[in-house]
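Subject: A structure for you to look at

Hello,

Here is the structure I promised to pass on.

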Amino acid sequence: MSGVTAIVLAAGTSSRFGGQKLLAPLGGRPLVRRTVENVLATGIADIVVVVGADADRVCAALEGLPVRFALNPDYRDGMSASLRRGIEALGPATSAALIVLGDQPAVAPEVMRRVVAAQRETGKPIAAPVYGGVQGNPVVFAREVFAELGALRGDRGGREVVQRDPARVALVQVADGMPRDVDTRADLAALDG
C-alpha cells in the first residue's frame with residue numbers, strides 16, 4: 001500500500017487498567033504486539049508506533065517487527081499529543097495515514113485494508129469503518145487534513161476532525177460488531193476468553 005503510513009498510538013498511561021495494558025499478555029503475546037501484527041498483515045510497509053509511558057518496555061515488546069518509533073514526551077497531554085507526534089514523523093511520500101489504536105488488537109487486517117481502499121477509491125480525505133451503525137476505528141486521513149489533526153489539543157483523537165464535515169468521509173460498512181478497546185482487565189479477559 002504505497003503512500004500509506006500506519007500510525008499506532010501506544011503512548012498512554014493505562015490509568016484505568018492498573019498497569020501498562022499494552023504489555024498485558026493476550027494469547028501469549030503482548031497486547032500491543034498483537035495490534036501491530038494485525039497492521040503488518042495489511043501489507044502497509046511503513047508503520048510508526050508512537051510511544052510515551054513505559055516507552056522502553058513497549059518498544060521491547062515489538063522487538064523484531066519492522067516498525068519505527070516516535071517518542072511522545074508529552075503523552076500526559078492526551079491523545080492529541082500522540083497524534084501530532086505521529087503526523088510529525090511522516091515522510092514526504094506519505095499521502096495518507098491510517099490511525100490505529102494500540103489497545104484495539106481485535107481490529108481485523110481486512111477492515112484496515114478496506115478503509116484504506118475506500119479513501120483511495122472515493123478520493124475523499126477521510127475514511128472510517130462503521131460497525132453495526134456505529135462509526136469506529138481505525139480511520140484513514142489524507143495529507144490534506146494532517147494540519148487539522150496537528151491542531152487538536154487535549155485528550156481528543158481524530159473524531160473531531162471526522163465529524164466536522166460528514167460529506168468528506170467515506171464510510172465502510174463492517175458486518176462485525178465494534179472491536180473492543182482494552183481499557184480494563186475485564187476488557188482483556190473478554191478478549192482472551
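Predicted model: local features only at pLDDT ≥ 70, side-chain atom pairs only at ≥ 80, totals over all residues.

Residues are numbered from 1 along each chain as its sequence is written, and side-chain values use heavy atoms, with hydrogens and water left out.

Let's start with Ser-82, which sits in helix H3 (residues 79-88). Helices (H or I, at least four residues) and strands (E, at least two) are DSSP runs, numbered from the N terminus. Is Ser-82 buried or exposed? Ser-82 is buried, because its relative accessible area is 6% (buried means under 20%, exposed over 50%, and partly exposed in between, with a 1.4 Å probe and protein chains only).

Leaving aside neighbours within four places in sequence, Ser-82 is in contact with Leu-9, Ala-11, Val-50 and Asn-72 (contact means heavy atoms within 4.5 Å). The side chains of Ser-82 and Asn-72 are also joined by a polar contact of 2.9 Å. That term stands for a pair of N or O atoms within 3.5 Å; within protein, one must be able to donate a hydrogen and the other to accept it, and residues adjacent in sequence count only if both atoms are side-chain atoms.

Helix H3 as a whole is mostly covered, with seven of its ten residues buried. Its cover includes strand E1 (4-10), E4, strand E6 (96-101) and helix H5 (146-150).

Now for the cores. A nonpolar core is a set of buried Ala, Val, Leu, Ile, Met, Phe, Trp, Tyr and Cys residues joined through side-chain atoms within 4.5 Å. The largest one has 39 residues, and Val-32, Val-36, Ile-47, Val-49 and Leu-98 have the most contacts inside it. Helix H4 gives the most to this core, with five residues. A second, separate core has 26 residues, including Val-50, Leu-90, Leu-101 and Phe-141.

Two loops also deserve a look. Asp-54, in the loop between strand E4 (46-51) and helix H2 (55-61), has a phi near 55 degrees, a positive value in a residue other than glycine. Asp-54 is partly exposed, with a relative accessible area of 33%. In the loop between strand E8 (134-135) and strand E9 (139-142) you will find Pro-138, joined to Asn-137 by a cis peptide bond with omega about 5 degrees.
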